[in-house]
Amino acid sequence: RQQEQEVFEERHLRFISHLGKGNFGSVDLCRYDPLGDNTGELVAVKQLQPNKQANMADFQKEIQTISSLHCDYIVKYRGICYSAGRLSMRLVMEYLPYGSLIGYMEKCKHTLNTRRLLLFASQICKGMEYLQSLRYVHRDLAARNILVAGDTLVKIADFGLTKIVPFDKEYYRVTQFGESPIFWYAPESISEYKFSHKSDVWSFGVVLHELFSFCELSRNPKRLTLQRIGSDIQGPMMGAHLHNVLKDNWRLPVPAMCPPKVYSMMMQCWAYTSEDRPTFFHLQDLIESSLQDERE
Ligand SMILES: C[C@H](Nc1nc(-c2c[nH]c3ncc(Cl)cc23)ncc1F)C(=O)NCC(F)(F)F
């Protein structure tokens, strides 16, 4: 479906700084300044890393996905820029000045209370409800893929791994993992490569854990999991070991100062059987009820 996409002319797109690297792409801060007087707007521009041309098809699917999303809790698509010289094109998105959630939490953790963390959780949950309504499975929901638009607004970003669940099935099966974030993966994703709205709910539980751990490196899901399964485990064996401990009902430990009701929400997201996990709609109610407790 051809969106009314805005075409950005490369000659007016001025590089300012490098923002970061994703799975196959990198994102730069640019100013789109057709008048050449610095009154143009700041945008975030994503391009494939040079040697990863092989992923042009995936990149075009990512552009297709993000251009079809219109939600306050999802980073906004602005358009594309065809690079005259090179074959590749670039994805232009809104620039969020507060940056990634991880960087924001590290800087502002002392100003964040439970209410604000629950507000962020509620917004991510609403973004996921919206994605689910379009039968999209994000597959890479993690604090590193959440952006901060302001002190009271966060947005989901990075749709590089997002897939559409086929109409006749409840899950999407991938053939192989890339550099996969297995520490955010549901058991059935690790053992059977199955991804569904319910596996996104599992990852949402891990994002809740990251939020209530203030995204501290010492408490991050990968480090805590490697402490449990042994950091000498490498490669494909890591997935097998992780699946085993999850089957034995090991879960990420309760973060310090985390309200019991919030840890119980995480534990519900981490039900081994995918059908036993709450929907994003039900999670919204649980978050609202925790917010009520914080008001009393
Ligand atoms: C690879 C890029 N990495 C980074 N991006 C930004 C950023 C600030 N402000 C931004 N505004 C719009 C966008 Cl798309 C990114 C940024 N800051 C630090 C980064 F390391 C990225 O896309 N990360 C995924 C996600 F966007 F979800 F955080």
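For the class counts below, Ala, Val, Leu, Ile, Met, Phe, Trp, Tyr, Cys and Pro are nonpolar, Asp, Glu, Lys and Arg are charged, and the others, Gly among them, are polar. This is a predicted model, where local features need pLDDT of at least 70 and side-chain atom pairs count only at pLDDT 80 or more, while totals for chains, interfaces and linings use all residues. Residues are numbered from 1 along each chain as its sequence is written, and side-chain values use heavy atoms, with hydrogens and water left out.

**The ligand and its shell**
- The ligand has 16 residues around it, and Leu19, Leu96, Asn145, Leu147 and Ala157 come nearest (near here means a heavy atom within 4 Å).
- Leu96 puts a backbone N or O atom 2.8 Å from a nitrogen atom of the ligand.
- On its own the ligand exposes 530 Å², and the protein buries 87% of that (Shrake-Rupley areas with a 1.4 Å probe).
- β2 (13-21), β6 (89-94) and β8 (146-150) each bring at least two residues to this shell, and β2 has the largest share, with three residues. Strands (E, at least two residues) and helices (H or I, at least four) are DSSP runs numbered from the N terminus.
- By class, the shell splits into nine nonpolar, four polar and three charged residues.

**The largest pocket**
- This is where the ligand sits, meaning that more than half of its atoms lie within 2 Å of the pocket's grid points.
- On a 1 Å grid over the protein atoms alone, a pocket is an open set of points with protein on both sides within 12 Å along at least five of seven lines, a cavity is a set where a 1.4 Å probe fits but cannot get out, and lining residues have an atom within 4 Å of a point.
- The pocket's volume is about 750 Å³, taken as the space filled by probe spheres set on grid points joined across faces, edges and corners.
- Its lining runs to 28 residues, with Lys21, Gly22, Arg144, Asn145 and Asp158 nearest the centre.
- At least two lining residues come from each of β2, β3 (25-32), β4, α1, β6 and β8; β2 gives the most, with three.
- The lining has 13 nonpolar, seven polar and eight charged residues.

**The cavities**
- There are two cavities of 30 Å³ or more.
- The largest cavity has a volume of about 100 Å³, and its lining includes Trp202, Trp250 and Trp270 along with Arg251. The elements giving two or more residues to that lining are α5 (197-212) and α7 (235-247).
- In class terms, the lining of the largest cavity has ten nonpolar residues, one polar and one charged.
- The second largest cavity has a volume of about 90 Å³. Among its lining residues are Lys46, Asp58, Glu62 and Asp158.
- Two or more residues of this second lining come from each of β4 (41-48) and α1 (56-67), and α1 gives the most, with three.

Definitions and conventions: Polar contact = N/O pair within 3.5 Å; in protein donor to acceptor, adjacent residues only side chain to side chain.
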